Structure formats: structure tokens, C-alpha cells
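The following paragraphs lead the reader through one protein model and a few of its parts. The sequence and the structure should be kept in view throughout.

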Amino acid sequence: MEDIKNLEHFQAKIDRGDKIEPNDWMPDAYRKSLVRMMSQHAHSEIVGMLPEGNWLTRAPSLRRKMIAMAKIQDEAGHGLYLYSAAETLGTPREELLHALHTGKAKYSSIFNYPTLTWADMGMVGWLVDGAAMVNQVSLIGTSYGPYSRAMVRICKEEAFHNRQGYEIVATLCDGTPEQKEMAQEALNRWWWPSLMMFGPKGEASVHSEQSLKWKIKTEDNESLRQSFIDMTVPQAEARGLKIPDDNLKWNEEENRYEYSEIQWDEFFNVIKGNGVMNSKRVAARKDAHDNGAWVRDAAEAYAKKQAQKVA
Ligand code: 3HC
């Protein structure tokens, strides 16, 4: 009886638009879904540092190198906010990271694609961070307080990531024919995987119905994907780039772009762990974690010493 009353009270809070805080009563399934989604979001942030890390030593100018370093540092900070926010639900960070290192936990499909040319750095900022921004702006409205507040700071920094990426693309498009071609070739590789970032559609989005009822998500995958497409196509056209989709066309009546069916078998194959870069990404994260153990030990030892001084 008590749980039924708690659930009714909980749903009434959600329906009123109240935020749920760590010490509030919440259904186990709400807690579980948030730990899943927030930890995978955090994993995406720290894995998301790797594609750009690959170009740090090869950036075409000191300015580009400094911007890339700032962005990569931001992503590390985003991971920190999100792991800290996820820990408020009671799952220790070591457990979350173990799930990543053992392949049990997912991270965003997009990071399993290689960054082959400098134009890819532009696509990662313009398309990947652009898609992440559309998704994360909607998550500012999520019902879980710590997650919603983490999104506010992350979205501000994501805007910088998106703009610096578009600037790289614009510079290439205004450059030599070879540079323009490099941008187009990168767009051809990154367009569809960027659309896949928003997740599967319809029934295949197994969490959406409950997540929307509990306002963990405020919009479904398809509507976020559509917002991203409608925002991004004019940006490509402004630079004389062609979106690699022959069926892309503006639907005046519905005020949106129509587009071809996404290759969902590729998406599900990648999230099953068969992406080109999957094993390298997980190995790199595990390596960084293992090699960073001494930093965590030193920080813990210092904290213990400080605590003894105060006691
Ligand atoms: N990559 C990997 N797995 C994905 C995915 C994707 N793009 N989209 C969906 N999935 C997985 C889900 O995790 C779920 O599997 P699980 O049960 O093992 O967790 C399954 O596919 C079914 O998908 P659902 O649509 O039911 O899952 P969700 O309701 O969780 O929706 C989501 C998927 C839209 C990605 C949602 O989890 C979400 O909004 N997450 C928070 C935002 C986020 O993680 N963004 C990732 C990019 S962050 C980024 O790029 C930062 C950059 O700046 C570095």
C-alpha cells in the first residue's frame, strides 16, 4: 500500500514539473534507468575525448591546437559532472567505470568511427557536438535534479564546441578545391552516424515510453533527430556542401526535411560492440584508468592525511 501511495505522490511531482532530488523517494526502475542513461552519457564524454586526441599533435596551427585542447578538457569535465551526478543515485564510480572497461556499458555509437582527416575534426564539432547539444538542451528539462543542473553548464560549453567545429568546416570550404573536397568527403562519412546518435526509432527505443512518462527524457529520439536535421541542412548548404542523401527534401506543409531511412543494421551492429574503433576506444579508456591509479591513490592518501589533521 505504501509503495502505491509513494508512486502516486512521485508521479504527481513529475507531472507538476518538480525536480526529483537524491534523497527523495523514487521507484527503483527510475533510479536504474537514470544510472544507465547518465553513466552512458558520462562514458560518451570521456570516450569522446579520444577522436580529437588523435589530432592534437597534427593540428594545422597553434590556434587550432589550443582550441582542440580546450575542447578535450571540457569533455573530461563533462564526464566528471555526469559521473558525480550519477553517483548521487548510489552507484559508486568504480562500478560505473568497470562496466565501461568490460564492455557491459555502452557509450555513444558515434565514437566508434575513426577520425581520418583534419576535416573530421570539423565534423566532430559541427555534427557530433551539434547533435549532442540538441539532445542535451532537451535534457535540461529532465526530472532528475542533479542531471538537469549538470546539463546547464555542459550545454554552454557544447555551444563553443559546435561553433569551433563549424569554423573548421567553413575554413576548409573557403580554401582550396582539395580542402573543400576533404570537407565534403568527411561529411559523407559523418552525416549518417550523427543521425544515429539520437538512438533507434519506434518500438526499438525500448526505454522511451517510460522515460517520457517520468520526464527522464522530455522529447523522443525521432523528434530530436528531426530538430537536428532541420537545423543542420541549411548550415551545410550555406557552405556549398551536399548532404549525402538523395531523398533529402524540404516538406513545406510539414515544415521539416524528409530524409531516407537510416541503416539501422549498421547502428545495432555498432552498439553491439562491432564498430571499427570499439575495441581501441575501450582499451584506451582502460589503459588511461590503470595508468591513472597512482593519481587516485595519491589524492586519497592526501585526503586521509588532511582528515586526520582536522580530527
Ligand atoms: N549509442 C549507443 N547506444 C545507444 C544509442 C547510441 N547513440 N542510442 C540508443 N542506444 C542504446 C540505449 O542505450 C539502449 O541500450 P541499453 O538498454 O543497453 O542502454 C538501446 O540502444 C535502446 O535505445 P533507447 O532509445 O531505448 O535508449 P534511451 O531511451 O536511453 O535513448 C539516448 C538513447 C537518446 C542516447 C539517451 O540515452 C540519451 O539521451 N542519453 C543522454 C545523452 C547522451 O548520452 N548523449 C551521447 C552523446 S554525448 C556526446 O557526444 C558528448 C560529446 O560532446 C563528446
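Of the 31 residues around the ligand, which come nearest? In this predicted model, they are Lys 106, Asp 129, Ser 205, His 207 and Lys 217. Lys 106 places a polar side-chain atom 2.6 Å from an oxygen atom of the ligand. Two further residues also bring N or O atoms to ligand oxygen. In Val 206 a backbone N or O atom is involved, at 2.9 Å from an oxygen atom of the ligand. In Asn 221 the N or O atom belongs to the side chain, and an oxygen atom of the ligand lies 2.8 Å from it. Taken alone, the ligand would expose 1,000 Å², and the protein buries 91% of that area.

Met 1 belongs to the segment before helix 1, which comprises residues 2-16. Is Met 1 buried or exposed? Its relative accessible area is 78%, and because the cut-off for an exposed residue is over 50%, Met 1 counts as exposed. Gly 90 stands 89 residues from Met 1 along the chain, and the C-alpha atoms of the two are separated by 25 Å.

Within helix 1 itself lies Lys 13. Its relative accessible area is 15%; since a residue under 20% is classed as buried, Lys 13 is buried. When residues up to four places away in sequence are set aside, Lys 13 touches Asp 18, Lys 19, Ile 20 and Asp 24.

Helix 2 comprises residues 28-47. How many residues of helix 2 are buried? The number is 15 of the 20, and therefore this helix is largely enclosed by the rest of the structure.

Helix 11, residues 264-274, shows how burial can be arranged around a helix axis. Trp 264, Phe 267 and Val 270 are buried in this helix. Viewed down the axis of helix 11, the buried residues fall within an arc of 125°, which means that they line one face of the helix. The face turned away from this buried side carries Asp 265 and Lys 272, both exposed. Against what do the buried residues of helix 11 pack? Their partners are helix 8 (177-196), helix 10 (221-238) and helix 12 (278-291).

Definitions and conventions:
Residues numbered from 1 in each chain as written. Predicted model: local features only at pLDDT ≥ 70, side-chain atom pairs only at ≥ 80, totals over all residues. Heavy atoms only, no water. Helix = DSSP H or I, 4+ residues; strand = E, 2+ residues; numbered from the N terminus. Buried < 20%, exposed > 50% of the residue type's maximum accessible area, 1.4 Å probe, protein only. Arc of directions from axis to C-beta. Contact = heavy atoms within 4.5 Å. Near = heavy atom within 4 Å. Polar contact = N/O pair within 3.5 Å; in protein donor to acceptor, adjacent residues only side chain to side chain. Areas by Shrake-Rupley, 256 points an atom, 1.4 Å probe, with all protein chains shown as cover. Expected span 1.5 Å × (residues − 1).
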